[in-house]
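Here is a friendly briefing to read with the model open beside you. Please have a look at the structure first.

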Amino acid sequence: MKTVFSYPGEQIAELYNEIEGSGIKNVMVRDERGAGFMADGYARITNYLGVCLATAGPGSTNLTTPIANAYKDNSSVLAITGRCQRKYIGKNYFQEINMDFLNFYKGYFVDKADINYVVNAFNDCLTNKKPVQLNIPADLYKEEVKDINIDAYINISDDVGYDVNNVDVAAKKPLFLIGQGIFGTLSYKDMLKISKILKELNCPIATTFPARGVISEEVDNCIGLVGRRGDLKSLLEADKIINIGSSLSYNTYVESVREKLLNKTENIHLKPKNIKELKEFFENLDLKNNNWINKNKNNKKFSPSGDYSNKINEIIENVPKDAIIVTDAGKHTVFTCLLKTCVVPRNIISSHSFGSMGFGLPASIGVKFGTIDFNIDKEVVLISGDGGFLMNIEELQVVSEYGLKILMVVMKNNGLAEFCKIKNPNFNKIADAFGIDNCYIEKADEISSEIKNYLKKNKPLLMVVETENEPLPKPNM
Ligand SMILES: Cc1ncc(C[n+]2csc(CCOP(=O)(O)OP(=O)(O)O)c2C)c(N)n1
Ligand SMILES: [Mg+2]
């Protein structure tokens, strides 16, 4: 663990103070929601654990939305939460409430000084790609832990792998559907190597949204995104779909064709621990040379047609292809999804299954810390709506304090998608108040030179893009 996203309070103070001087970076957020979303962004880009820390009661209730978000999107967020002393639990003590509300997946209440709680929470969170709560009462810190050799305990479960004999690939028109489960516990550097393996398969490969870029969408046998915002034709034409790592949500297997698709799907349970294991798995498949899809015929790419999509397109075209683009929730998410060609894993990070506004800014901060800690050499770009940006805007203080190089774009359409119009504060003055460089864009052709300048420097920029509203294309239902 290299970085923790936290906010202090009485019931967690003991632990909070210990982090100082421990070698772990303690990033103090300005709202616990920020801590949760940062931990989520950190977990997604590093494919490791993202840790957030909050006090009991209000500190923890503020974590609810980010933890639900991590649960829905299968992100390894470990939430360490405080609790009053054990003798006061259930006795209406200050800030004392039942803490189970964070256990969307699982929670550990640490009722004795046993290191196994920590180890189990850690392993659970990492190998099952789900958020886990570790709830620690304040008096526990006074007790001594006897066996503290933590390395002896860390043993990532071996209960993974696959049985290749069961995979039947004898079909005329097979199609691989890849979901983010394929990342297993690989490092980001190994995630980048999957592309090479998949390119050699000579069989069409489709992906879910979270897995986009696992194989570059510029490659011939990559169909790209399928489902609600992607291609459906290939899924329908295939006579067998081999699913590796997709939960087959309604975003991928949409309602109207769901049953048909489920009937021809074979699910392979694969959680690779290293790239060698993944390579072996694919090498052992008895695949015929079977690239039966003409990708260009099947895939009609969306092209920008109005002011909003034009400006988003201009941003995408001017940042490096492999920049990690984090979005918030709204129209800008859909336009980004439709316009971006993904070439690396996690090219777009979004709140896919929970659609949580307020995710973007803090998640992009978490992603940035992840790239720093794990030497992932990628630019980080946030594309947010004006509504969502204002939801966690206080985290600009973290961007400012750490001088994080993030290109933060606010699409100012003065509206919440199609719901209603909104009035906005002066975002540029807000950036000034936080001591962050900023610019204001009215026309699409002003974007390119601003981004070129930004890329030469090593500090954050808030780019406020005034835009007209634009209707979204209809999704595949
Ligand atoms: C926390 C939360 N509240 C409400 C919604 C419902 N909702 C979805 S998109 C949206 C509007 C987003 O507006 P904005 O951030 O300005 O992005 P835009 O659509 O304008 O690009 C709303 C209110 C949500 N997804 N999340
Ligand atoms: Mg808006």
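The notes below cover the ligand site, the helix contacts and the sheets.

This is a predicted model, in which local features need pLDDT of at least 70 and side-chain atom pairs count only at pLDDT 80 or more, while totals for chains, interfaces and linings use all residues. Residues are numbered from 1 along each chain as its sequence is written, and chains are lettered from A and ligands numbered from 1 in the order in which they are written. Helices (H or I, at least four residues) and strands (E, at least two) are DSSP runs, numbered from the N terminus.

**Around ligand 1**

- Ligand 1 is surrounded by 19 residues, the closest being Gly-330, Gly-385, Gly-387, Gly-388 and Ala-417; a residue is near a molecule or strand if its C-beta atom, placed from the backbone, lies within 6 Å of it.
- At least two shell residues each come from helix 12 (331–339), helix 14 (386–391) and strand 16 (415–416), and helix 14 gives the most, with three.
- The shell has six nonpolar, 10 polar and three charged residues, where Ala, Val, Leu, Ile, Met, Phe, Trp, Tyr, Cys and Pro count as nonpolar, Asp, Glu, Lys and Arg as charged, and the others, Gly among them, as polar.

**Helix 11 and its partners**

- Helix 11 (residues 307–318) and helix 12 have axes that come within 10 Å and cross at roughly 55°; axes are lines fitted to C-alpha atoms, for helices over the stretch in contact, and angles run from 0 to 180 degrees between N-to-C directions.
- That angle makes helix 11 oblique to helix 12 (under 35 degrees is roughly parallel, over 145 roughly antiparallel, 65 to 115 roughly perpendicular and the rest oblique).
- Tyr-308, Ser-309, Ile-312, Asn-313 and Ile-316 of helix 11 meet Lys-331, His-332, Phe-335, Thr-336 and Leu-339 of helix 12, with contact meaning C-beta atoms, placed from the backbone, within 7 Å.
- The residues of this contact between helix 11 and helix 12 divide into five nonpolar, four polar and one charged.
- Helix 11 also packs with helix 17 (residues 447–456), at an angle of about 35° and with the axes 9 Å apart.
- On the helix 11 side, this contact uses Lys-311, Glu-314, Ile-315 and Asn-318, while helix 17 brings Ile-447, Ser-448 and Ile-451.
- By class, the contact of helix 11 with helix 17 has three nonpolar, two polar and two charged residues.

- Six strands form an open sheet with parallel pairing, in the order 13-12-14-15-19-18; two strands pair if DSSP finds at least two bridges between them.
- Strand 13 (348–349) and strand 18 (437–441) are at the edges with a single partner strand each, so one side of each has no neighbour in the sheet.
- Five bridges pair strand 18 with strand 19 (residues 461–466) in the parallel sense, and Asn-438 has Leu-462 in strand 19 as its bridge partner.
- Helix 17 lies across strand 15 (406–412), strand 18 and strand 19, and runs at about 165° to strand 18.

- Another open sheet is formed by five strands in the order 9-8-7-10-11, with parallel pairing.
- Its edge strands are strand 9 (222–225) and strand 11 (265–268), each pairing on one side only.
- Strand 10 (residues 240–244) runs parallel to strand 11 and is joined to it by four bridges.

Notes
Contact = placed C-beta atoms within 7 Å.
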